[in-house]
Amino acid sequence: LVKHYLKLYEQAFLIYTLEKFSTNKLQKKGSSPKLMPRAPVFLNLFGLTDKGRKFELVVGLHLIQKYKEVYYWREGKYEVDFVIVHNKKIIGIEVKSGKKRDSRSIEKFQEQFKAKCLIVTLDNFEQIDELI
């Protein structure tokens, strides 16, 4: 029932749902999606009041508009904000808006999938497409 309503909200252009990135199809379909509001007016509904979450949403919306395959990845305590598959390459993208730059999750993702990985900050956001 919940998946049905999420699909309706997505069809009404209220949210995007991102699937989990996995090479295991069962794990991919059985995981909860990452929800992203499509319009800034919905930020407060999702509890997105801090600068970091807003910046992550801006990066995510840009990626969704620009690239066909956009996912997220989580395994235990490790999480990568966005994963894109572009030109048959897997690219992990971690979004950081503050000074703290913990890269353990991106290193774990890179090791597991032999992927190119990026850390997107306020300083390099404008060059994101060039970096990909």
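Q: Contact means heavy atoms within 4.5 Å. By that rule, what covers the buried residues of α4?
A: The cover includes β3 (69–75), β4 (78–86), β5 (89–95) and β6 (116–120). Bear in mind that this is a predicted model, where local features need pLDDT of at least 70 and side-chain atom pairs count only at pLDDT 80 or more, while totals for chains, interfaces and linings use all residues. Residues are numbered from 1 along each chain as its sequence is written, and side-chain values use heavy atoms, leaving out hydrogens and water.

Q: What makes a stretch a helix or a strand here, and how many of each are there?
A: Both are DSSP runs, numbered from the N terminus: H or I over at least four residues gives a helix, E over at least two gives a strand. The protein chain has five helices and six strands, in the order α-β-α-β-α-β-β-β-α-β-α.

Q: How do you know how compact the protein chain is?
A: Its radius of gyration is 15 Å, close to the 14 Å from the globule rule for 132 residues, so the chain is as compact as a globular protein of that length. The radius is taken over C-alpha atoms, and the rule is 2.2 Å times the number of residues to the power 0.38. As for extent, the C-alpha trace spans about 35 × 35 × 30 Å along its principal axes. Residues 24 or more positions apart supply 51% of the contacts with a separation of 6 or more.

Q: Which residues of helix α4 are called buried, and what does the word require?
A: Buried means under 20% relative accessible area, exposed means over 50%, and partly exposed is in between, using a 1.4 Å probe and protein chains only. In α4 (residues 104–113), Ser 105, Ile 106, Phe 109 and Phe 113 are buried. They span an arc of only 95° around the axis, which puts them on the same side of α4; the arc is that of the directions from the helix axis to the C-beta atoms. Over on the other side, Arg 104 and Glu 111 are exposed. For the protein chain as a whole, buried residues make up 38% of the 132.

Q: What makes the phi of Lys 114 worth a look?
A: Lys 114 has a positive phi of about 50° although it is not a glycine. Most residues other than glycine have a negative phi. Lys 114 follows α4 and sits in the loop between α4 and β6.

Q: What is the phi of Phe 13, and how is its exposure judged?
A: Phi of Phe 13 is near 60°, again positive in a residue other than glycine. Phe 13 lies in the loop between α1 and β1 (15–18). At 58% relative accessibility, Phe 13 passes the cut-off and so counts as exposed.
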